[in-house]
Amino acid sequence: MKEVISVSNMRASDRATIEGGTKSLDLMYRAALGVYDSVKWQESIAIFTGSGNNAGDGYALALILKEKGYFPELILCSDKFSNDGLYYFNLCKENNIPYLEFSRINKKYDIIVDCLLGTGFKGEPREDIAKVISYINGANSYVVSVDINSGLNGDTGLLSLAVRSDITVSIGYLKPGLFLNKAKDYIKELVNRDIGIKRVEEAYYLIEAKDLSPILRDRLNDSNKGSYGYVGIMGGSYAYPGAPRLANLGQTALYSGCGVSKLIVPDAIYDLIFNNVLEATIARIESNDGMMVFNKENIDAALKGLKALGIGVGWGKSLEYEKILEYILLSYDIPLVIDADAINTLANMDLEILKMAKARVILTPHLKEFSRLTGYSIENIKENLIPYGREFVNKYGVTLLLKGPTTLVFDAYNTYLINRGAPGMATAGSGDVLTGILVGLLGSYKENLGLASSAAAYINGLAGELASREYGDIGMVSSDTARMVSKAIRKIKEEL
């Protein structure tokens, strides 16, 4: 796992490192050296600088480039300097590195280095800086952003106007704003360079393939289907008969490692999907108007022996669902993945039931569903993704998988970021496939629900990437992602 820290944590860690005896000038030079080592440089280089220490990184970089035989130019977009920035700017002048004001630019550059605004920036750029950002975005140059893209919020990934980079070189630690909300549409490549700063507060964790080794374990020869768990996917209605099948399409739960996958559907749609289900088994729940009704004996029979359950896919809306969900929450000591319409059902109930639940609950909302659960507006959530996620988990004791461009998973102890996926996954049914994968993993692994949820999001995202390569972002559908699950798992295991 790679550590990701908030802007305030980064600021405190930087300060503590300096107070511990490391000179701030040395840290600035290390940052510049990290940027130099991350880029294939060309002859024509312009370094655009603002007024803070981010500009100082640019001045130090200019000195390194000059020493290495390049001829950088400094484009001054502010007449103000930080103390350390002024030190390196004066060295640039002593070394005859040319500099000019932004208004005097009269040529095109092969490479533009963005050192305008740092990670502490919030809100909307000033008019003069906004003009510079617009110029960079229209320059048709290779753009290098230092630490973060100017205009991008370091904690939230929100922006009104920001630099679009070909590569962003994060300094010290990755920041959440490099992954969340709009960030991924502005950063083509992201690297991080360690410069010797030791963090002082808790970190978040970016999941890597190697972190999934406890879950994607090699199977034993001396094993059988029972060794890997019977799991269930409970959902569907007459209006949405295909949704639970999609969650199990291509045997997504089976591809993900469970021994047996049981589809639990209303009896009214049993005949509609029976002929399309191969390896999976099917259980029928009593229904009325194509929707499940609460029948304790019926539910107990369907859930008997299950090691994990996903509930809500294609359910629709019915007051009976509150009775069903309450009964399962309070009666079954198994991992319970609450998704889709079951989340909407839960949002209409007293959430205090989560504190009393016997089931080990995993919630998988997208932003609109999380808004229904919390009462916060979607825009407010976007500005507080991590704080609100932590708040919810701390209050209700659940595991939360919050879907987005970068998925966030919260458990009692950690916050995980899963930076996998493709734009083509923004299509109906992608969440259903994720539920199938997660439930499948939980058939044989339930020691750490946060890690299991992260693994499911990683596998789902990678499968989506593989589908995108084959079908394209526009042409792919969620069933294409489902078909790539086994390939994604094999690719991950090859990296372990």
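I started with Asp339, which is buried at a relative accessible area of 1% (buried is under 20%, exposed over 50%, partly exposed in between, with a 1.4 Å probe and protein chains only). I'm working on a predicted model, where local features need pLDDT of at least 70, side-chain atom pairs count only at pLDDT 80 or more, and totals for chains, interfaces and linings use all residues. Residues are numbered from 1 along each chain as its sequence is written, and side-chain values use heavy atoms, with hydrogens and water left out.

**Entry: the partner of Asp339**

Which residue does Asp339 form a salt bridge with? I found Lys403, with the closest N and O atoms 3.3 Å apart (a salt bridge is a side-chain nitrogen of Lys or Arg within 4 Å of a carboxyl oxygen of Asp or Glu). Asp339 sits in the loop between strand 16 (335-338) and helix 11 (341-347), and Lys403 in the loop between strand 18 (399-402) and strand 19 (407-410), so the pair ties together parts 64 residues apart in sequence. For the element names I go by DSSP runs numbered from the N terminus: helices are H or I with at least four residues, strands are E with at least two.

**Entry: other salt bridges**

I get 13 salt bridges in the structure. One of them joins the side chains of Glu3 and Arg199, at 2.9 Å from N to O. Glu3 is in strand 1 (residues 2-4) and Arg199 in the loop between strand 8 (190-193) and strand 9 (204-206), so this pair links parts 196 residues apart in sequence. Glu3 is partly exposed at 26% relative accessibility, and Arg199 is partly exposed too, at 27%.

Next I looked up Asp166 and Lys188, whose side chains meet in a salt bridge at 3.5 Å, N to O. Asp166 lies in the loop between strand 6 and strand 7 (167-171) and Lys188 in the loop between strand 7 and strand 8, so they tie together parts 22 residues apart in sequence. Are the two buried or exposed? Asp166 is buried at 18%, whereas Lys188 is exposed at 71%.

**Entry: helix 5**

In helix 5 (residues 127-137) I list Ile129, Ala130, Val132, Ile133 and Ile136 as buried. Down the helix axis these buried residues fall within an arc of 160° (taken from the directions from the axis to the C-beta atoms), so they line one face of helix 5. On the other side, Glu127 and Lys131 are exposed.

What covers the buried residues of helix 5? I noted strand 2 (45-49), strand 5 (111-115) and strand 6 (142-146) among the elements that do, with contact meaning heavy atoms within 4.5 Å.
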